[in-house]
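I opened my notebook and picked a few spots to look up. Here is what I wrote down as I went.

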Amino acid sequence: MRSLLLKAWLFALSSITGLAAQQQPTSQDEPIRTLHVYTDLVQVPTLVLGRNHESISPPIAEQRFSVSIDFGPWFRVTHTRMEGTDPISLSILLDTGGSAADLLPKIDNAIAALAPSSLTSRDRVSIYVLDCALTRSLNDIPAGSALLKLGTDSALEPWTIHKRDRHPCKQSVHLWDALGYVATELSKLPGRRVMLVVSDGHDGGSVRTWNEVRGYTQAAGVAVFGMMNTAITPGWSNILWAHHNDANAFQTICELSGGMLMLTTPDSIGNTLAQSIALLRGRYIVEFPRPRNSTKGEHDMRIKIAKAGNDFIRPSGISVPMPDPALLADPTTVPSDPSHAPEQGQRHVMTKPQK
């Protein structure tokens, strides 16, 4: 029996070897073809809510989504899906100034409660505090409840001490500059980039303008969700009136980056934080090919949904992979079908606000 098995095994081995030898290319065979693969797909996380900022159910069919670049022709997207549990690179910025300070005494527990119910170990978190200066306690660590609480307490400790001792300090960094720095650090990280900002929206002396920060968050694909205390000045219009220029600018940064400004109170800050993550998980990932005539620089992108009425639609920036001329000139590269890609328009995005 062993002899028969050995003979059968040797026969099978010789057959496989012979077959492999027959399949080896010879000098007379056709040369081996190389498939060149290049990045051509654009993905845009898009927040879609009802006119009163409520969630929309059931999910919106992908054939209802269209995109326009620089006011070019509207083009139906090729695919959409819900963001779901895609990994998030999340930075939390806690501003200790003004009415935002009243949201901070119990915020360590609120942030810790985000894991594991809203955040998982696949999500990475950084925590910043804007007080006398801008400080960071956690830098791109996996989301875990105990570590989030420890990092929040550590970042807020200097503010807690000088508040208790009544030794105020002169602020050396202001809100727009802090947002710009955090966005710059986020731009170096993978995944869906998100910033949660607890602030009253008041700046007070930044080097950067709010519009520069708006443009950078869009270009870096950082969605900003702001949280403002409504307990001191109840009502949306009253909050905007309190710091009308800064608060409107803060709201604009949030919405044009693909996020939104949310109102909260010291008692509901935990629910508001969890709601912001739920909104992120409910975003649509809108996909379409790179525009066939795409160029470098800032561009205007608009997404619309057929029969959507006054829905709240906020795409999170636009980052388009630019074509490699050498690769496209290679005769072995198979070009994409231009009829499947949108056409970029001729109108460019405004880099400065109108006065």
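This is a predicted model: local features need pLDDT of at least 70, side-chain atom pairs count only at pLDDT 80 or more; totals for chains, interfaces and linings use all residues.

Which residue in β12 does V67 stand opposite? I looked it up: V67 faces I303.

I then wrote down the whole sheet: it is open, has 3 strands, and the order is β3-β2-β12. The pairing is antiparallel. At the edges I found β3 (75–76) and β12 (301–305). Each has a single partner strand, so one side of each has no neighbour in the sheet.

**Entry: D177**

I moved on to D177, which I found in helix α4, residues 175–186. Is D177 buried or exposed? I got a relative accessible area of 13% for D177, and the cut-off for buried is under 20%, so D177 counts as buried. Then I looked for what D177 touches, skipping residues up to four places away in sequence, and got S206, V207 and R208. For V207 I also noted a distance: its backbone nitrogen lies 2.8 Å from a polar atom of the D177 side chain.

**Entry: helix α5**

Last stop was α5, which spans residues 210–220. Which residues are buried there? My list reads N211, V213, R214, G215, T217 and A220.

Note on methods: Residues are numbered from 1 along each chain as its sequence is written. Side-chain values use heavy atoms; hydrogens and water are left out. Buried means under 20% relative accessible area, exposed over 50%, partly exposed in between (1.4 Å probe, protein chains only). Helices (H or I, at least four residues) and strands (E, at least two) are DSSP runs, numbered from the N terminus. Two strands pair if DSSP finds at least two bridges between them. A polar contact is a pair of N or O atoms within 3.5 Å; within protein, one must be able to donate a hydrogen and the other to accept it, and residues adjacent in sequence count only if both atoms are side-chain atoms. Contact means heavy atoms within 4.5 Å.
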